[in-house]
Amino acid sequence: MALPVAEWQARTARLWAALDPAVKGRMAAASLQDAVRLGCDLLRSEEEEEEEEALVRLCRRARTDKEPEAASWYREQGNREFKRGQYQAALRLYSKVASHELPGSPEVSVCFANRSAALLHLGHFEVCLEDIARAESHGYPDRLLPKVLLRKAECLLRLERLQEAQDILSVLESKIALDGVMTTHLTRLKKLSQLKVKLGEKERCPEPAREARGGIQGEPEVWEENSRISGASSSLSLRFDAERGRHLVASQDIVPGQSLVKEEAFVSVLCPGESPPLQDGDTAWDTGATNADLYCHRCLRQLLASVPCQGCSYAKYCSQDCADMAWQQYHRTECPLGALLLTLGVFCHVALRTVLLAGFAEVSRLVERSHRGDKNLQNPEAGCEPLSDAGAGSRGTRGIPGCGSNGQYQSSYQALFHLLPHTEQHSPEHKFLCTLSVVAICKQLQAAGLEAAVLNQESPQQWSKPKTCEKTSDELSPELKTVAEAMLRHVLQLQCNAQAITVMQELGPGDGAVVDKKPVRLATAFFPVLSLLNHSCCPNTSVSFSGTAATVRASQAISSGQEVLHCYGPHWCRTRVAERQQLLSQYFFECRCRACLEELESGVKSVVSIRNSFCCPKCQAQMQGEEDTLCCSNEACATSASRDHLSGRLQELQQQIKKALDLLRVGKADQAVKMLLKCQMDAGTFLSPEHLLMGEIEDHLAQVYATLGKWQEAARHLKKSIEIVEMHHGPSSVETGHELFKLAQILFNGFAVSEALSTIQRAEGILSVHFGPQSAQIQELQEMKACLSELPRNILQRT
């Protein structure tokens, strides 16, 4: 959720409506500095204490404190799942226990030991050893230690670390008071250990080196970094003109798949994900997993066994190193404000973390420059001169906002600060909401005694634990007003410059032969260099993410001198021009890209409209009309229907598809097939054969048949899905690539060797352009190809 919760938005809207018109006028015309002053005045007055109290009540719904009762409840649920053999579910629940246990409590070590047992059953031996070490370091009880040591020895044996395993077994032998079950287990492990040692002695000779399997590791990408733009390829140049502002152009011919930008986010904040809302006084805890449970809150790596924050139950990390780094850089300040930041939304959280990472000295320097009337900071692009191709060097880029005195554009806070906040173009109501939100955060920083941490005035010895609340004056200090002003700038910048970090997330348990994935928004980030790319509804680049790093690749050939363009969201293949222009209004520009101009100037109805249209229930011709009543395009038929009626049927169909997928998730594939086939018949009576939903139904049918092991049926339906996807997105689109990847999996599992190999080759060609040769999907495709290529020649000839 980018903006604050709906209740806080509603309260600020009512407060705005009740303001004196003169105050509204001042806010509408206010600079960032004046807006903060107005916000401080409003939240300091006695009549606004109610708003602050309301915010405190809203924060109680976002539970981020350690709750021993929650830990106990999650432990019971985890133990229940473990006994049922549901080790993945148990693992997630034990991680929730770890997040809620109080640091130093005896239960913490038991929690890590329990989680190590689930990890052992799942075959994650290295991570199991890490949890065992955590249990030992947190004072695991001596009376239970033999059980954990047995588990440790088993992991070491599985990892072929025989000497370490022998040492553990020797320690266990010396222990007394082992019960019968443990003695039996120890005997079994000793025999296994002896057997492995004997086998190791017999096979002492080195294994012959395996032949390369079709380049499974992938070829390293050729990369030469630009000397003037950090993280950009040497094939790009930075330009400026009044119409396009700062932008990147190709300084040489670029081929499809070539890497153009590799940038680490200056700042990123994990989006918490959806979870059932908790009502006031509700004591139930949610067992579901959201983004906050699945990914590291610092590096965004997928979590297996999370390391919890010592101060709150919300922040989780992939390692102790990540936890320590986050604490030192920003989390020591954010930790006591966790509920407030979740309540006020990701944009406010990104703004605060940006200031903390930049450091108060740099923040203050740039804010003060803006106060002194620096035109480059008041309106960063107003004073820039157009740059010709001849001005590509240091002198040519020095006048561009964000560039240093040496003419280099760095992925730095200075570049980020120069991104346009569009202060005068945001609605006064939105600016008011953002102002009150950032002022509320700064007031809480002051009230919690965290001002020194924000201003970087603390020594490392003072970082050991979160601060407790200390009531101070309602008046914000001048330094915190500076922080609030910078935060307000960043919140407003985010509307036009926020980059969604996305990840392909598995649908369902992910344990099937064919893995279905969908893109999920994982985090919101600032990428100063990536922000230089202007928008086009038909872009010539593709952006992918690995953790907090973004890579921009050419999705088609780009000629020297051509602008490098990125799609901000509404793609011409998915939406009509009117819808695209409406969506793009949040960026304060009217799109004049090639796709929009062609559609606007030609007056021809959008292909998207035709393909995603309703069809006549009687003759299946296209229904047309801009009013509430649609008419059949076949004059001989002349059937009419209400647009609302057909839209209602579409919504009902989507609900039925969702129910079918729910049946599949609980293992009722046969029932899911029947329901989806019925949905397909129903859709054919009122939707165009090329409608995207028709393709989605075919895709879902392929998924169900693959679950049942009916590979030919699955492939037949998926090929129909691919035809529709190609019509909408194009044969070389990333969407087509993902569908071909699934088809390759199905053909591989169905032993359709020759067709699988040709599909793999096509999928590899498309996905390598969008994600590069080192991506996980490319590696999997190459492994499938290697496996099929090693089959005996007579089998290859038959298939």
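# Close-up views of a predicted model

**View 1. The largest nonpolar core.** Of the 121 residues in the largest nonpolar core, Y409, Y413, I441 and M487 touch the most other members. Helix α20 gives the most to this core, with 10 residues. A second, separate core of 52 residues includes A621, M623, L676 and L701. A nonpolar core here is a set of buried Ala, Val, Leu, Ile, Met, Phe, Trp, Tyr and Cys residues joined through side-chain atoms within 4.5 Å. Buried means under 20% relative accessible area, exposed over 50%, and partly exposed in between (1.4 Å probe, protein chains only). The model is predicted: local features need pLDDT of at least 70, side-chain atom pairs count only at pLDDT 80 or more, and totals for chains, interfaces and linings use all residues. Residues are numbered from 1 along each chain as its sequence is written, and side-chain values use heavy atoms, with hydrogens and water left out.

**View 2. Surroundings of Y409.** Leaving aside neighbours within four places in sequence, Y409 is in contact (heavy atoms within 4.5 Å) with R228, I229, S230, L238, P401, G402, C403, A415, L419, P528, V529 and L532.

**View 3. The loop between α19 and α20.** This loop joins α19 (413-417) and α20 (428-447), and T423 is found in it. Helices (H or I, at least four residues) and strands (E, at least two) are DSSP runs, numbered from the N terminus. T423 counts as buried, at 16% relative accessibility. Not counting residues up to four places away in sequence, T423 touches A30, L32, K431 and L492. H418 also has its place in the loop between α19 and α20. At 3% relative accessibility, H418 counts as buried. From H418 to L366 is 52 residues in sequence and 9.4 Å in space, C-alpha to C-alpha.

**View 4. The sheet β3-β11-β10.** Three strands form an open sheet in this order, with antiparallel pairing. Strands pair if DSSP finds at least two bridges between them. β3 (259-264) and β10 (541-546) stand at the edges with a single partner strand each, so one side of each has no neighbour in the sheet. Neighbouring strands are turned by 15° against each other on average, direction ignored. β10 pairs with β11 (residues 549-554) in the antiparallel sense over 6 bridges. S546 stands opposite A549 in β11. Helix α31 (residues 753-771) lies across β10 and β11, at about 125° to β11. Axes are lines fitted to C-alpha atoms, for helices over the stretch in contact, and angles run from 0 to 180 degrees between N-to-C directions.

**View 5. The sheet β13-β14-β15.** This open sheet of 3 strands also has antiparallel pairing. β13 (623-624) and β15 (640-642) are the edge strands, each with a single partner, so one side of each is left without a neighbour in the sheet. Antiparallel β14 (residues 629-632) and β15 are joined by 3 bridges. C631 has S640 in β15 as its bridge partner. Helix α26 (residues 643-665) lies across β14 and β15, running at about 65° to β15.

**View 6. Helix α30.** Of the 16 residues of α30, 12 are buried, so the helix is largely enclosed by the rest of the structure. Among them are H738, E739, F741 and K742. At 1.5 Å a residue, helix α30 (residues 734-749) should span 22 Å, and its end C-alpha atoms are 23 Å apart, which agrees. The expected span is 1.5 Å times one less than the number of residues. Just after α30, F751 takes a positive phi of about 65°.
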